[in-house]
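This briefing concerns the salt bridges of one protein model. Please consult the sequence and the structure below alongside the text.

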Amino acid sequence: MTMQDSNKYLVKFAAFFIVVFILMLGLESAAFVTFYAYNSYKNPSLSLMQVLHSTWTTTGFFYHIKESSKGKTANKFMPDNILGYRLRPNYEYLTIDPLTGADIRPLRTNRFGFISNSNTPDTDAEITHNTINIFLTGGSTIQGSGATANSKTIAAQLEKMLNTRLEPPGYRRERAIHVINAGVAGYNATQELIYMAVELQYLAPSIFIMINGINENTEFGKTQGRAYHQTGMLATPELDKLPLPILPAFQWVTIRLLAKIGPLPSSNTDIGTVQEPQIAFKSLVERYMGIIKSAYGIARSTDSAFVYMLEPTSGTGHHPFTEDELERRNALIVDPETQWAPYVTRNSDFYDDVRLQIMAIKGDLPQGHFIDGSALFDAVSDDVYWDPRHYTDLGQEIIAKKLYEVLTARFSDKLYTYVGKTSASA
């Protein structure tokens with residue numbers, strides 16, 4: 001074969017590659033529009049949530065390629081028969097930059113499957129009765145999405161404060177304090193409750209802290225009273241098992257089309273069909289309050305203190321958005337004028353109802369403490385939101401400081417040993 005023939009074949013190959021690339025790009029674009037239109041038609045009031053999921057799905061394609069090239073599974077989570085799904089031990093979870101789609105800010109789990117508070121998770125110690133153990137439960141905000149490192153999450157910063165700052169007058173620190181990050185992206189309060197009941201309560205807890213709110217007020221929370229919501233991030237779809245990568249929006253549309261006409265099952269056979277429990281017939285806020293009371297009961301059964309925080313989320317307080325925050329928010333929203341207002345209104349209404357209900361049940365939680373975190377960022381003019389729902393390092397630090405103040409003022413006896421009044425406190 002001559003050099004001229006080789007060049008001719010290379011040109012043909014390049015042309016073929018370009019045509020295939022353009023074809024795939026066209027298919028993906030059309031499928032993405034179909035995906036967005038379908039979801040917007042079904043529930044226009046949740047358009048922002050759909051855009052967030054759409055953005056994740058599109059950029060999530062790069063997870064598939066990257067993890068597959070490493071010989072790893074593209075599945076971010078591992079199935080769990082009780083919780084639905086959970087974090088993988090010794091795994092790396094990435095935050096996607098909403099402006100570029102790049103994978104950044106990795107958070108690593110330790111061998112126990114918790115996001116580590118250390119940038120070296122391999123050195124994490126066992127959870128034992130020899131330490132004061134504080135468990136933080138929640139969704140992606142607690143897991144640490146947006147933090148620049150493991151050491152910058154809410155759990156990590158709170159642990160550092162409790163172990164390094166001076167004890168309250170009359171108390172002495174005699175045991176190390178561990179704050180265990182039991183946050184899992186996407187978890188709702190029901191999953192947190194189950195997590196506490198079947199696992200966390202047996203790990204020598206001293207204090208339970210639930211930080212949630214926003215994951216309750218989603219399509220999953222409104223339409224499903226089940227223990228956990230089924231999610232596309234959990235089980236690998238049938239088409240995703242093919243050796244050739246398929247773009248995610250095109251895959252999403254294709255799978256649902258095949259499920260409609262028969263070749264693929266319409267339900268996720270890996271998870272199975274989940275029946276709606278009786279709590280589905282209660283209102284969203286009634287269910288939520290029932291979960292908080294049940295979580296408090298589990299904490300008290302283990303002689304643990306209980307703290308519940310209604311988590312900050314953009315739009316429910318009066319934090320003045322910075323230019324960077326607005327840029328990142330608008331990168332996730334196709335039409336801010338028509339999509340942002342319904343999102344904020346829905347969240348604000350839900351938070352207002354929760355505040356009223358929590359006041360009504362406070363008498364039932366004498367050993368608990370409620371923190372309304374919705375206004376925590378109101379006086380802060382710097383970047384606290386990484387995207388509309390997740391926090392920067394500063395945002396996570398502010399939440400950690402608030403928790404530190406509450407714990408040391410309200411539950412010092414759970415953290416330290418009382419040694420009597422000192423001269424400074426007399």
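Glu397 and Lys401 form a salt bridge, a side-chain nitrogen of Lys or Arg within 4 Å of a carboxyl oxygen of Asp or Glu, and their closest N and O atoms are 3.5 Å apart. By this rule the count is 11 salt bridges. This is a predicted model, in which local features need pLDDT of at least 70 and side-chain atom pairs count only at pLDDT 80 or more, while totals for chains, interfaces and linings use all residues. Residues are numbered from 1 along each chain as its sequence is written, and side-chain values use heavy atoms, with hydrogens and water left out.

**Pairs within a helix**

- Glu397 and Lys401 both belong to helix H11 (residues 393-410), 4 residues apart, about one turn of the helix; helices are DSSP runs (H or I, at least four residues) and strands likewise (E, at least two), numbered from the N terminus.
- Glu397 is partly exposed at 26% relative accessible area, as is Lys401 at 33% (buried means under 20%, exposed over 50%, partly exposed in between; 1.4 Å probe, protein chains only).
- In helix H10, Asp352 and Arg355 lie 3 residues apart, about one turn of the helix, and their side chains meet in a salt bridge of 2.7 Å, N to O.
- Asp352 is partly exposed, with 39% relative accessibility.

**A pair between separate elements**

- A salt bridge joins the side chains of Asp364 and Lys293 (3.4 Å, N to O).
- Asp364 lies in the loop between helix H10 (336-361) and strand E10 (368-372) and Lys293 in helix H8 (residues 284-301), so the pair ties together parts 71 residues apart in sequence.
- Asp364 is partly exposed at 42%, and Lys293 is partly exposed at 37%.
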